[in-house]
Amino acid sequence: MKVMVMEMEEGVKENGASPPKSRVTNQSRALLSMRLLQILLLFLVLTLGISVVSIHMIKFLKIQRLDPVAPITLLSTYNHETVTLDSFIRPPLNVWHTMNDSELLWRASIEPQRNGYPFKRVPKLAFMFLAKGPLPFAPLWEKFFKGHEGLYSIYVHSLPSYKSDFSRSSVFYRRYIPSQAVAWGEMSMGEAERRLLANALLDISNEWFVLLSESCIPLRGFGFIYSYVSESRYSFMGAADEEGPDGRGRYRTEMEPEVTLSQWRKGSQWFEINRKLAVEIVQDTTYYPKFKEFCRPPCYVDEHYFPTMLSMKHRLLLANRTLTWTDWSRGGAHPATFSKADITESFLKKLPGAKSCLYNDQQSQICYLFARKFAPSALEPLLQLAPKILELGSNISSTRHSWFLF
């Protein structure tokens, strides 16, 4: 019994000696865990504090960088420079750009919808030359434009491979727009004309748009032409319902329902239109696909696309005639071409003929402001006779009301 009691007491003693060691170990672990938790919490608090301070510093510094601006000034988010109204209305310094046709037509179709302009706007005439390459009558046009800066803009569409060599002093310097190849009588011709209009529309001051070729010459001085166009209530584009194979005979029934036979029109390729109609042309996505697919020779896009489309939507805005005289008396697919031997004083005086037409709904015998088709050899005699016959150098005030012959 004693032995058993001793063993039990020894066992109790040994068992009783282990709890203090276990408690020390558990306390150490608890303290270590608490310290790690404290360190973690301290790290989180420091991180949060640094983040809050950084945010406030960024806001403070950003506010300090912004200069006080007028209420009407916009702030660019790209370069932190102010954007003024002038940056929107200023015409491009160079007509060259990297936009494709889709981008260009989209950009050109953006127009202010509010009447009036919040700035002084001097409306300009946009002269658009559709050429194959060089402009043989550039010296004559130089005389025509001289002294009328600020009242005109120039745009030239040529073959993509052609490189012009005009000097900096020329009005044609860097006025060749990005272009594409053009085939006579095909949709590429209409596309070139739309490309010219779209480029000209990028200048918000351009109000009237005149399409010319490299073989065109002016028949009057700049002042006379500016007044004649700017004071007209109509745009000058032919839109005739012509019978026969060269008129209705070119129509294709596949164009229905967008274009019907009764809506089919024909007119001269060379036109003058106002800004409203120019925008209508560049934003068209309804009639363009139909003409592109179905109007092919002997259907000629340049004679039917614009006349048909504009007469359908804006017939009352058209004078239904062109301002460019041509001689079709010899027949054939192309008009007569005049060379150096044809250019005399009497020829230029009777050039437009005595045909009567309507100007602002009144009879007038001055129906044409331009003429074609002239060979490069005609330049020399034209330069000699231009000051006297073509009235180059006349000013606006002296010709403002001089063209009516009732």
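**Figure 1. Salt-bridge network of Asp-246, Arg-250 and Glu-303.** In this predicted model, Asp-246, Arg-250 and Glu-303 are linked in a network of salt bridges, a salt bridge being a side-chain nitrogen of Lys or Arg within 4 Å of a carboxyl oxygen of Asp or Glu. The closest N and O atoms of Asp-246 and Arg-250 are 3.8 Å apart. Arg-250 is buried, with a relative accessible area of 8%, whereas Asp-246 is partly exposed at 41%. Buried denotes under 20% relative accessible area, exposed over 50%, and partly exposed the range in between (1.4 Å probe, protein chains only). Residues are numbered from 1 along each chain as its sequence is written, and side-chain values use heavy atoms, with hydrogens and water left out. Because the model is predicted, local features need pLDDT of at least 70 and side-chain atom pairs count only at pLDDT 80 or more, while totals for chains, interfaces and linings use all residues.

**Figure 2. Salt bridge between Glu-280 and Lys-313.** The side chains of Glu-280 and Lys-313 meet in a salt bridge with an N to O distance of 2.8 Å. Glu-280 belongs to helix 8 and Lys-313 to helix 10 (residues 301-314), so the pair ties together parts that are 33 residues apart in sequence. Helices (H or I, at least four residues) and strands (E, at least two) are DSSP runs, numbered from the N terminus. Glu-280 counts as buried at 13% relative accessibility; Lys-313, at 44%, counts as partly exposed.

**Figure 3. Salt bridge between Arg-233 and Asp-361.** A search of the whole structure finds 16 salt bridges. In the one formed by Arg-233 and Asp-361, the closest N and O atoms are 3.1 Å apart. This pair links distant parts of the chain, 128 residues apart: Arg-233 is in the loop between helix 7 and strand 7, and Asp-361 is in the loop between strand 9 (357-359) and strand 10 (362-364). Arg-233 counts as exposed at 52% relative accessibility, while Asp-361 is partly exposed at 47%.

Figure 4. Strand 3 (residues 124-130) and strand 4 run parallel and are joined by six bridges; Ala-126 has Ser-153 in strand 4 as its bridge partner. Axes are lines fitted to C-alpha atoms, for helices over the stretch in contact (heavy atoms within 4.5 Å), and angles run from 0 to 180 degrees between N-to-C directions.

Figure 5. Phe-374 lies in the loop between strand 11 (370-371) and helix 12 (379-389) and counts as buried at 3% relative accessibility. Beyond its neighbours within four places in sequence, the contacts of Phe-374 include Phe-137, Ile-217, Phe-338 and Phe-347. The C-alpha atoms of Phe-374 and Ala-336 are separated by 8.5 Å, although these residues are 38 residues apart along the chain. Thr-324, in strand 8 (residues 324-325), is buried with a relative accessible area of 5%. With neighbours within four places in sequence left aside, Thr-324 is in contact with residues including Leu-212, Trp-270 and Tyr-368.

**Figure 6. Helix 7 and its buried residues.** Helix 7 (residues 222-230) is mostly covered, with eight of its nine residues buried. Among them are Phe-222, Phe-224, Tyr-226 and Tyr-228. In the protein of 406 residues, 42% count as buried.

**Figure 7. Nonpolar surface patch around Leu-41.** Met-34, Leu-37, Leu-40, Leu-41, Phe-43 and Leu-44 make a nonpolar surface patch of about 610 Å². Patches consist of residues with over 30% relative accessible area and no salt bridge; like charges are joined within 9 Å, and nonpolar side chains (Val, Leu, Ile, Met, Phe, Trp, Tyr) within 5 Å. Accessible areas come from the Shrake-Rupley method with a 1.4 Å probe, and for residues only the protein chains shown count as cover. Leu-41 lies in helix 2 (residues 19-65) and counts as partly exposed at 46% relative accessibility.

Conventions. Two strands pair if DSSP finds at least two bridges between them.
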